[in-house]
Amino acid sequence: MTAICILNSPDTPHSRKDILESMTTATIDGQKKVESIDPITLAVIQSSLQQVCDEMDLSFSRAAFSPVIAEANDRSDGIYSADNGELIAQGALGLPVFVGTMQFSTRVLIEMIQSGEVAAPEPGDIYIVNDPYLGGTHLMDVRFALPYFYEGKLFCWLSNTGHWPDIGGTVPGGFSANATAVEQEGLRIPPVKLFKKGEIDKEIYSIICSNIRVADQRIGDVKAQAAALLVGQERLTQLIKRYRLPVITSAIAELRQRAAQQMRQKLTEVADGNYTGTAYVDSDGVVDEPLTIQINMQKRDGELHIDFDGTSPPCAGPMNSVLATTQSSIYLAMRHIFPDVPINAGAFDPLHIKDPEGTFLYAKYPRPVSGCAAEVSQRIAEAVFAALVPALPELVPAAPAGSSGNFALGGFDPERNSSYVMYQLSGGGYGGNYHHDGLTNGCSTIGISKTPPIEVMEQYFPVLYREYALREGSGGAGEHRGGFGIQYSIELRRGEAQASFVMDHGRVGPQGVLGGKDGAVNTVTVWRDNEPYTPLHLSKDQGIAIKAGDRVDVATPGGGGFGDPAKRSTDAIQQDLEYGYYTAEEIRDAYQ
Amino acid sequence: MNKKQSAATSASNETALNVIAGIDVGGTFTDLLLFDASGNLVFGKTPTTLDNQAFGVMNALEKCAIDTATIDTIVHGTTTTTNAVLERKLARTGMITTRGFRDIIELGRRTRPQPYGMFGQFKPVIPRDLRLEVSERMDADGNVLIPLDEQEVIDALQTLKSMGCESLVIHFLHSYANTSHEKRTAEIAAQHWPNEYITTGHSLLSEYREYERGVTACINASVQPILHNYIDKLQGELKNAGYKNDLLVMNGNGGMVSASRVIKESAKTVMSGPASGVMAAAYTAKRAGINNIITYDMGGTSTDVAMILDAVPGVSHELEIEYAMPIHVPMVDVRTIGSGGGSIAFVNDAGLLQVGPDSAGATPGPICYGRGGKEPTISDANLVLGRLNTSSFLSDNNTSIDDVRSAINKKIAEPLALSTDAAAGAILTIANNKMAGAVRMVSISRGHDPRDFSLFAFGGAGPLHAVAIARELGIPNVLIPARPGITNALGCVVANVRHDFVNTINSPLDTLQDSTLLDTFTAQRERGQQLINAESVTIDNLQYRYSADMQFIGQTHLLNVPIDSPAVTVEELQQKFEAVYLQRFHVELKEIRANLVNINTTVIGTRPELDLSRLIDPAGRKASLNDALSETREVWFDGGWHSTPVYIRESMPLDAVIHGPAIIEQMDTTVVVEANCTARSDDDGNLHIELS
């Protein structure tokens, strides 16, 4: 593999003589000169485009610096149309919440280039943008976009998103629980060229670095993120050279149409009619009132018409969702239901989503949005599940814990004489489903990331885990019960620190379905001088001062139960009892 | 080097050689390969006996008509522990662990089995009621925060015994930093536990990460009695048959270890099957002068891929045997990239042909197996296209080629408006494209361009697809060993004795002294020497491989940095790390400090070189290629039928040159030489296929 040294040698396709040469050779040596594509070539091109994206994902993760990208895979890579930014293909191992988001940001970028607000692309350029209102998620998700030129002409965009560990703002890490404007959440970057003709713009980069924490490590992620796009560029060029541009162009159009056809085919399993689902966000972190997500779906003419009428208005705190995230949340929920439909703009065609104007799911500047990608997105997915479970009981589970369980601890370690920010992200129980009980301690609906080991956390941070255990009794009862959440107790060993929480499901547990019971709610208790403190907003709080000897106890939600508990087998109930999953009393109450 | 080896071989030919037998148990067959006292080879193949693999082993020995009493060394590859883990048929095992943390091995690291679909379940190795907690706690530096409560240990032991546990795991937090509580608990257990099945977390790997270390220890404990019982029985049988020496058993690291020692570290055998195949590949290719290869082992139900660089197979200690089941002991880095000949082809809702991921498996298997399979598979396509021999394939069942054709026609050809032939061809095109993509991902995930490698194909179906896949990947050269179907048994015969050591340091590199490196490496090296000296195997010499697992501070993933000498300095290590990082990730990070996580040493006792040139009996080779021609049949290549010669591999003259298209059939596989390729044999009987 050619070494990619992105800072020094622009390696742009149109400047490469060998491409032109090989184009000529391809004609001479009589490769199949098909203009209309046979179904076999089409299938091969489909998997090859997918492969290009998978390689970008792999390259990004392997080279990335931050654990959040390298280990938690909080990133995604894809190929987007040059005309309107529509999704052509996306890596299979991208973070689920990014399904579809980058097509919004790419479209906005194209529009801004056309209107002259943003400089036109040249080979070797890479744009950077994190503005949530321009097709994004939260500020920490930084997107790179590379204009892909073939024979001197813009053919498509390669774009990726990576979650940066910090983007400035009042809270280290960016997950503010009570920001009231986006400016408090961090640095907002409009689309600008971070790389110009292959060279990083050191001035722009230094502005970014001056506004974020632990900036010295960011260069590792920036290089990885750009290198992934260059890998994609190289591989895409090989693909086009092999099949020729007209074939690839018509294949892309054909695949788009076929993905739509496939989604329509899947939707035939949903009977015509109306379906509604509701989910609640505990609060926005500022005003202590629940936010309602009401989703209404109508299946007619083979397609799904979706609106959010009845959803709460924009909120003061950071639980607003930008439009791109709201729509992507529906896409990712549908993909959880139909995992074999490829990720491609066509798959979204049969899903008509009415813009949720006037609700907190269509945030506009300067509404704070830091909670949208991690929490609100999961509540939207939960509402989709709740709406569709009666129609597709074999494919849709009861509600999962659906929270990233974000506990952040920022402090100063006197022994090491250094500041730190620690994240304890947690899973919870998945909903029971038609086939079996829910998974215990599954990752968030929108994520695929692992938690770091306790032994690593205790090495890096001045904390001691007193307990890290399965949370007994937390799975909602049902014919197939919900999986269990976890409970942990973390003590601060040295110095002082501030604890923050962005979690959810503290007010209402993940819903059981078809007769199943709800899973247990999330709880947070901070013990200071042995006095318990419960956040006013239950699952969200910020800047709680603690000192050595104080501790934080968290219990995460269990999954909702599926089906009537009376139908649960006696063997399964007996085993639950033997394993201590429930007390005898809980069993009596739930299954008598 | 080669000269010296051949001299040694011919010299020792005159005296009596050690008689050595490799016996590998696979899913379907138990294979035996024996080198006798005069260097001749004997083969044996019998059906695997699933209930107790020992019967199949003894059958194979009987079948080859060699007096077991005359065998000096038997090296055995077994899937006893693999099957026990995958089927969760484990010994009843109890766990004693740190108070507050008994659920670690059930909670895992917060994952789900697949990115999309909120489904899936996970069954912990040890059920919750058999995991007991005692008071004790270390911190990350190994300081005792809560002393071990010995009375609680005794109580826990009694409880676990009364619950019928046969095996025991002792797993405490931070035991890699301070082993004293685990060791003390093991001492107490030794007085109360009725047997020797006691596994401490730190003893298999002294590495941080409580989930991975814990699961590794649990797997070890819960297969120990099973492996012990199996090995005892087999040794008894062998002894009755007259075998006098210690049985040797293959480990997942590609080395072998004596039966008496293998029990203690049973977990190391769990992934030994694929490892022995890769060892054989490395050995075979090195003799052929090819040191960089990608192995492609395609069977009926799975396909395994590994990379060999400079004749050394990559080793990883971060493999998972299945979802959320890590076994973190050093093992040959073999990746399963999908199913095999049984992968099912279908047309999806979008009207696109797909192959896999569903597989017909071994039962019912492809349609052509005649066991009730109804879905067209890769094997069925190979048969319809004349790549597989219809008469030998369908002879022992009541399926006809028309049955296979009509299924492909109905399920693939009609929906796609193709001819049956073209539909079968399409199945191979899609399957090869997909498998090539998967091989490519394995290669680049390890930082290598597949074009810099040769493709080494084995397994029943590997040689059928190898050339097509090499072409997709831009690999110029395919190597097919003499006996692709018994590669694992060959791996047993050629395996070395091997021990791996890992010690966690986990400190910024610039805070370390050069002496820390030297002392750790030296201690590991000495331990390895002791272990190998205690084995009853003839060793040519000892080799040492040193490496460090490193990262930049702030990262969590590790990079393995090979080191030439234990006397490496901190400064040299920094430079080596930066170089490896650049090579692997194409990124330079001079701005950031490095962290040394683990120090690793591998000690290898190499065994005397074996002559592989008789894997295909030279006496069976004919004088001319024409004499090896069995038939000419119609075979589908590149969208059309071609009259294609079919040769018998065992009869081909060693100097034959075959221009594709051609089919080469042998007892255990079929080789497809596509058009525009040239196949030649080397002295060992390997086929080298050059793609033009």
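Figure 1. Strand β12 (residues 406-413) of chain A runs antiparallel to strand β13 (residues 418-424) of chain A, and seven bridges join them. Two strands are taken to pair if DSSP finds at least two bridges between them; strands (E, at least two residues) and helices (H or I, at least four) are DSSP runs numbered from the N terminus. L409(A) has M422(A) in β13(A) as its bridge partner. Four residues lie between β12(A) and β13(A) in this hairpin, and N417(A) in the turn has a positive phi of about 55°. The model is predicted: local features need pLDDT of at least 70 and side-chain atom pairs count only at pLDDT 80 or more, while totals for chains, interfaces and linings use all residues. Residues are numbered from 1 along each chain as its sequence is written, with chains lettered from A and ligands numbered from 1 in the order in which they are written.

**Figure 2. Four-stranded open sheet of chain A.** The strand order is β8-β9-β10-β11 (chain A), with mixed pairing. β8 (273-281) and β11 (351-353) of chain A are the edge strands; each has a single partner strand, so one side of each is left without a neighbour in the sheet. From one strand to the next the twist averages 20°. Nine bridges link β8(A) to strand β9 (residues 291-300) of chain A in the antiparallel sense, and T278(A) has Q294(A) in β9(A) as its bridge partner. Helix α10 (residues 372-388) of chain A lies across β8 and β9 of chain A and runs at about 145° to β8(A). Axes are lines fitted to C-alpha atoms, for helices over the stretch in contact, and angles run from 0 to 180 degrees between N-to-C directions.

**Figure 3. Strand β17 of chain A and its partners β18 and β20.** Strand β17 (residues 523-528) of chain A is joined by five bridges to strand β20 (residues 551-555) of chain A, and the two run antiparallel. β17(A) also pairs with strand β18 (residues 531-533) of chain A, in the antiparallel sense over three bridges. V526(A) has V552(A) as its bridge partner in β20(A) and stands opposite Y533(A) in β18(A). The hairpin of β17(A) and β18(A) has two residues between the strands, and D529(A) takes a positive phi near 50° there.

**Figure 4. Helix α10 of chain B.** The 16 residues of helix α10 (residues 272-287) of chain B should span 22 Å at 1.5 Å a residue, and the end C-alpha atoms are 23 Å apart, which agrees. The expected span is 1.5 Å times one less than the number of residues. Of the 16 residues of α10(B), 15 are buried, so the helix is largely enclosed by the rest of the structure. A residue is buried if 20 or more other C-beta atoms, placed from the backbone, lie within 10 Å of its own.

**Figure 5. Side of chain A that touches chain B.** Contacts (C-beta atoms, placed from the backbone, within 7 Å) involve 75 residues of chain A and 59 residues of chain B. Elements of chain A that each supply at least two residues to this side include α6 (218-243), α7 (245-267) and β14 (463-470). α2(A) gives the most, with 13 residues.

Methods:
Two residues are in contact if their C-beta atoms, placed from the backbone, lie within 7 Å. A residue is buried if 20 or more other C-beta atoms lie within 10 Å of its own, exposed if 12 or fewer, and partly exposed in between; C-beta atoms are placed from the backbone.
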